[in-house]
Amino acid sequence: MDIAVLIKQVPDTYSERKLREQDWTLDRDAADAVLDEIDSRGVETALQLTEAKGGEVTVVTMGPDRATETLRKALAMGAHKAVHVLDDGLAGSDALQTSAALAAAIRTLSVDLVIAGNESTDGRTGSVPSMLAERLGLPQVTSVRTLEIDGTTLRAERVHDGGYSEVTASLPAVVSVIEKINEPRYPNFKGIMAAKKKPVSTLGIGDLGLDPSTTGLANAASQVLDGAARPPRTAGEKVADDGSGGTKVAEFLAAARLI
Amino acid sequence: MAEVLVLVDHHDGVVRKVTAELLTAAARLGTPAAVVVGKPGTVESLAAELGALGAAIVYAAESDDAAGFLITPQVAGLAAAAAAATPAAILVPATVDGREISGRLAVRLNSGLLADAVDVESIDGEVVATQSVFGGEYTVRYRVTTGVPIISIRPNAVEAAPTAASPQVVPVQITIDPAISATVIADHPEPIGDRPELGAASVVVSGGRGVGSADNFHVVEELADSLGGAVGASRAAVDSGYYPPQFQVGQTGTTVSPQVYIALGISGAIQHRAGMQTSKTIIAVNKDSEAPIFEIADFGVVGDLFTVAPLLTGAVKARKS
Ligand SMILES: Cc1cc2nc3c(=O)[nH]c(=O)nc-3n(C[C@H](O)[C@H](O)[C@H](O)COP(=O)(O)OP(=O)(O)OC[C@H]3O[C@@H](n4cnc5c(N)ncnc54)[C@H](O)[C@@H]3O)c2cc1C
């Protein structure tokens, strides 16, 4: 079975992430850019499935030039080929526009399954997988912590706010995974070398058949009005425990009328 | 005034609390109209309660297929109500289900989506939503420029303050396409414990890897119980199997903003802070005086949590009695 995995380059959550104060969009220079951890779990899920059942994994990303680093990382993990949706006209896309471009890119492939992370660590909209399912006319099985495929039937445990459900759908389908699904493998030296030779194709607005009057920041369906940075938090009192630490915390809470 | 549609979050005949919050938010923007998607008969049992929560209109999107399929029944219900009402906005809870429903709906209605809003307001007749970005580092306000604004609102972000209404019930027809729907075979609800809900609690006591084992977590629970609080955990504690995943606080867990947050044996990694740094008062107990959690703690104790926490629990109980 052939699988497409959606991956995204995001600012490293270990570094200080910033918005640009002139337009409150992501400051890409403030933090290192990395493959979003949740997407490496999506790649892992796809690799395990194709290792068991055969087929190829295509990783798909939309992003600026440097997002190729992310594609190479996924190829080094073992994905077979990559598609880079790359066009200056796509800069500043919102979730609705992103899902349109990604849907068009996926239509150029012929896959049985589309896998994404449940939500990116920067946008946190958590809605692109379901937007994509709607655009592709496919069922969606999202927020899954287990995934099994039997012929053309998919079974999963889907985690929601009140517990979990056992869910099925027939392929093709869109799946999103949560961070508890697996531990992603690290690319090894052999994988990194092999990744350099794996095919990466680039698709722009024209290749995707998108109408340029619908793409990019100027045509986004939502717009920033204004923003504000939170004043930094400062450290308060710190005491070394001399056996009375617990009592001191109680006194602090009582003085602040919190107990 | 234009209607503002609210997707009713209900389960087994119980309307979840977030629905009241959404109806309160809707009243700021227009006439609150609740959309109930469920099996035939659902609305009859819920309408009075929804009226008490402020719904002036209740759209009844009832179908025998509503319970067995995932997400698409609610999308169909909201789309049908939107066609009937021409609403000023559509509000859904920013839960796992709500976010997915809003995603599909945004495509179907070709409308802008603002996800995980912590506030909504009407400015010069325009709907504006506030989002909290990077774990509360920034707040940014957005508006929608295409279609009907679809907004998912974070549970516990808006305080419910209902003005009761006697709702008019309006049936709408829905058809659910099984070809684009996943099927729910079985649901396993989490048992509701005696403690307050993590996202809504005014006190949260969290344990990290420093707690050392699942057996030791009773130290965290006992402190939480003495304060009437909820229990949380770091990702390291969850991944080590000390505490169940639904209690994870942080970037990829629940975001909490209680009056008091107590971190026991948690280093304060940036991803953990992203889920708790907007708490009013932060207390940290950690053996390592260099632990980053102390940088944001209002009161910190450098010490062993197994000495400090039980003593604190005792002191809290003593003050109460
Ligand atoms: C994409 C991404 C998302 C993430 N999301 C989250 C998230 O949602 N939530 C989250 O928490 N983390 C998250 N993390 C993980 C995060 O980076 C840290 O690994 C994690 O928070 C560490 O948990 P911890 O503080 O319990 O463990 P550690 O960092 O190992 O800290 C344990 C602490 O306990 C102290 N300690 C040990 N014994 C005692 C004792 N007896 N008494 C007192 N103190 C003691 C130690 O001094 C130490 O500071 C995420 C990471 C990534 C990359």
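## A walk through chains A and B

Strand β13 (residues 203–207) of chain B pairs with β14(B) in the parallel sense, over four bridges. Helices (H or I, at least four residues) and strands (E, at least two) are DSSP runs, numbered from the N terminus. Two strands pair if DSSP finds at least two bridges between them. The model is predicted: local features need pLDDT of at least 70, side-chain atom pairs count only at pLDDT 80 or more, and totals for chains, interfaces and linings use all residues. Residues are numbered from 1 along each chain as its sequence is written, chains are lettered from A and ligands numbered from 1 in the order in which they are written, and side-chain values use heavy atoms, with hydrogens and water left out.

Stay with this strand pair. B:Gly207 has B:Ala233 in β14(B) as its bridge partner. The chain gets from β13(B) to β14(B) through helix α5 (residues 218–226) of chain B, and this β-α-β crossover is right-handed (with the strands pointing away from the viewer, the path from the first strand over the helix to the second runs clockwise). On strand β14 (residues 230–233) of chain B, B:Ala230 and B:Gly232 point one way, while B:Val231 and B:Ala233 point the other way. All are buried, that is, under 20% relative accessible area, where exposed is over 50% and partly exposed in between (1.4 Å probe, protein chains only).

Now look for the cores. A nonpolar core is a set of buried Ala, Val, Leu, Ile, Met, Phe, Trp, Tyr and Cys residues joined through side-chain atoms within 4.5 Å. The largest has 72 residues. Among those touching the most other members are A:Val5, A:Leu113 and B:Tyr59. Helix α3 (residues 72–85) of chain B gives the most to this core: eight residues. Another core, of 39 residues, lies apart from it and includes B:Leu91 and B:Val144.

Next, the two chains meet. The contact (heavy atoms within 4.5 Å) takes 83 residues from chain B and 80 residues from chain A. The area buried between them is about 7000 Å², and carbon and sulfur atoms give 54% of this. Buried area is the accessible area (1.4 Å probe) that two parts lose on being put together, summed over both. B:Phe134, B:Tyr138 and B:Phe299 supply 11% of the area that chain B buries against chain A, more than any other three residues.

Charges meet here too. The rule finds 11 salt bridges across the interface of chain B and chain A (a side-chain nitrogen of Lys or Arg within 4 Å of a carboxyl oxygen of Asp or Glu). B:Arg108 forms a salt bridge with A:Glu134, with the closest N and O atoms 2.7 Å apart.
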